[in-house]
There are 2 protein chains.
Amino acid sequence: MLDTKRAEPHTMTPIRVGVEVVVFTIRSDALHVLLAPRDMAWRLPSDAIRSDETLDVAARRALADVAGASEVWLEQLFTFGDLQRVPAQRTISIAHYALVAAEAVSELAERDARWWPVAALPLLVLDHRRIIDYALTRLRNKLSYTTVGFQLLPQRFTLSELQRVYEVILGREIDKRNFRRKLDALGIVKPTREQRVSVSGRPAQLFRFVATEAPETVGAPEPILAAQAPVHLARISPVVRRRGRIVPVTPIESAR
Amino acid sequence: MLDTKRAEPHTMTPIRVGVEVVVFTIRSDALHVLLAPRDMAWRLPSDAIRSDETLDVAARRALADVAGASEVWLEQLFTFGDLQRVPAQRTISIAHYALVAAEAVSELAERDARWWPVAALPLLVLDHRRIIDYALTRLRNKLSYTTVGFQLLPQRFTLSELQRVYEVILGREIDKRNFRRKLDALGIVKPTREQRVSVSGRPAQLFRFVATEAPETVGAPEPILAAQAPVHLARISPVVRRRGRIVPVTPIESAR
DNA sequence: TTGCGTTCGTGTGCGACGTACACTATCCTC
DNA sequence: GAGGATAGTGTACGTCGCACACGAACGCAA
């Protein structure tokens, strides 16, 4: 807060305060960011903060302003306050980053907005490129010691889909057996009675995320889900499969 | 940044923007926080942001306003923007935390300010208690995977002093041999030609910190210095000691 | 000078975890 | 029913975390 008693006159020089949101999703095995056109370049969803809304409400509104979405996981990233980052007027921006499931993407009412792969971003306005870079760094780190990764998937997913999320974001391949052993040891996924029948190949069992502790927005580090690990398990039983896209199956609960 | 083209009138409702600083130091084997009196309670060093200064400059000024200091390591913590956190007017605060060496403490020109042990904090103004709690959480985490801990020590220090920093902040005892083996493996300390002659007991060799990679303010996680570890080393040679407080010695550089 | 209190400095062993690595099972399509 | 594609499954080895005890070097007091 401010020391009102010592508040000085020149501190009242207007400073613009806004929010920006780096919205991540995964499309066709690549990490994408939501951008809107602006002049000859592209910009992050952003807007000024209203005096009657909190920071994360402002961030969600800025996001919704560019493209409708639901069930968006959001976290504050960093506050950028360099003097010259916005030429016109001194502007402080509280940057956020958001994760949305690929399925929620279809629900987005994209106006002028577009999804851009982070591997090939277009020209960006102001310091937005730097903000995205930082968000990406944060996402990579957070993926390693929290369970945020699940926010990029629908409620039910296959283990291969989950693994692909990690591979895409971390930018390296992960051993299938080590990944599954680690998951089982952590006890953060539970098998469902359903399977996903893919275009080709053997159907995969669907799992759901079981939180050990809720990932807080302001929260401190938690459980984990690093990269790989041993532990002896992985005994998802052979299942009866039937026709259709998602099919009930007689399951055997994963140990632990 | 802000979408100036879509800027709406009510967004111009004045929002106060300030900085707060949680200043940590270690005094007599306990972590302390710098506080200033305010009404019937205590407050963190804080002030409004001027339009011609960056966030960290504002934070350093807020600190200097309460107590002079030099060589202060500072990092942005979190931006608090709840609607009712400051009753009078909507106020957004960019909180920071700072680490100062115990030796720099004596250089502080304390006016009304006081150092309070984090284990026994007084009544605090507004949401400052929450900010301190969060800063403490961040400090504990950061201590585990970065080298910020060295910011709490003078340039030359003994390994026991360094270990005590970790013990005090993490709140648990650390095995001396494991701690030193880990340090040696990381190669982040180098012995100097000097010793510290303490009040009693055998003199200890002084070390200095050697950065592998500079700990950035906005930076991502880095090297490490977790808790304990093995590795076979620790062969700081027997040294010739002489009289005085800090004494030259024929050194043998640590391996690696 | 010697004995005592205090702090410094030094290795080993074991359990847990990270990681490398290959084959069978089940589905679809032709 | 053969071939292509994806799912699902164990073992072995190296590294790391962690528990644990004693001699060395100093100051001080008797």
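**Close-up views of a predicted two-chain model**

View 1. Once neighbours within four places in sequence are left aside, Val21(A) is in contact with Leu44(A), Pro45(A), Ala59(A), Ala62(A), Leu63(A), His96(A), Tyr97(A) and Ala98(A), two residues being in contact if their C-beta atoms, placed from the backbone, lie within 7 Å. The model is predicted, and local features need pLDDT of at least 70, side-chain atom pairs count only at pLDDT 80 or more, and totals for chains, interfaces and linings use all residues. Residues are numbered from 1 along each chain as its sequence is written, while chains are lettered from A and ligands numbered from 1 in the order in which they are written. Val21(A), Val22(A), Val21(B) and Val22(B) touch the most other members of the largest nonpolar core, which holds 118 residues; such a core is a set of buried Ala, Val, Leu, Ile, Met, Phe, Trp, Tyr and Cys residues joined through C-beta atoms within 7 Å. A residue is buried if 20 or more other C-beta atoms lie within 10 Å of its own, exposed if 12 or fewer, and partly exposed in between, with C-beta atoms placed from the backbone.

**View 2. Helix H4 of chain A and what covers it.** Helix H4(A), residues 159–170, has 12 residues and reaches 17 Å from its first C-alpha to its last, close to the 16 Å expected at 1.5 Å a residue, where the expected span is 1.5 Å times one less than the number of residues. Helices (H or I, at least four residues) and strands (E, at least two) are DSSP runs, numbered from the N terminus. Leu159(A), Leu162(A), Val165(A), Tyr166(A) and Ile169(A) are the buried residues of H4(A). Seen down the axis of H4(A), these buried residues fall within an arc of 120 degrees, so they line one face of the helix; the arc is that of the directions from the helix axis to the C-beta atoms. Their cover includes strand S1 (16–27), strand S2 (30–38), helix H3 (128–145), strand S8 (156–158), helix H5 (176–186) and strand S10 (204–209) of chain A. Gly171(A), which follows H4(A), has a positive phi near 75 degrees.

View 3. Leu170(A) lies in helix H4 and is partly exposed, with 15 other C-beta atoms within 10 Å. Its contacts, leaving aside neighbours within four places in sequence, are with Arg140(A) and Leu143(A), and the C-alpha atoms of Leu170(A) and Leu139(A), 31 residues apart along the chain, are separated by 9.1 Å. Leu136(A), in helix H3 of chain A, is also partly exposed, with 18 other C-beta atoms within 10 Å.

**View 4. Helix H1 of chain B beside strands of both chains.** Helix H1(B), residues 55–66, has 12 residues and spans 17 Å from its first C-alpha to its last, close to the 16 Å expected. Leu55(B), Ala58(B), Ala59(B), Arg60(B), Ala62(B), Leu63(B) and Val66(B) are its buried residues. These residues pack against strand S5 (73–80) of chain A and, in chain B, against strands S1 (16–27), S2 (30–38), S4 (46–48), S5 (73–80) and S6 (91–99).

View 5. Asp39(A), in the loop between S2 and strand S3 (41–43) of chain A, has a phi near 55 degrees, a positive value in a residue other than glycine. Asp39(A) is exposed, with 9 other C-beta atoms within 10 Å. In chain B, Asp39(B) lies in the loop between S2 and strand S3 (41–43), has a positive phi of about 55 degrees, and is exposed, with 9 other C-beta atoms within 10 Å.

**View 6. Strand pairing around S10 of chain B.** Strand S8 (156–157) and strand S10 (204–209) of chain B pair in the antiparallel sense over two bridges, strands being paired if DSSP finds at least two bridges between them. Arg156(B) has Arg208(B) as its bridge partner in S10(B). Strand S9 (189–196) of chain B pairs with S10(B) in the antiparallel sense over five bridges, and Pro191(B) stands opposite Phe207(B) in S10(B).

**View 7. Confidence along chain A.** The mean pLDDT of chain A is 77, and 75% of its residues reach 70 or more, pLDDT being the predictor's confidence in each residue, from 0 to 100. Confidence in chain A is lowest in strand S11 (246–248), at a mean of 30, and highest in strand S6 (91–99), at 96. Over residues 1–11 of chain A the pLDDT is below 50, and this stretch has 22 contacts in the model beyond near neighbours in sequence.
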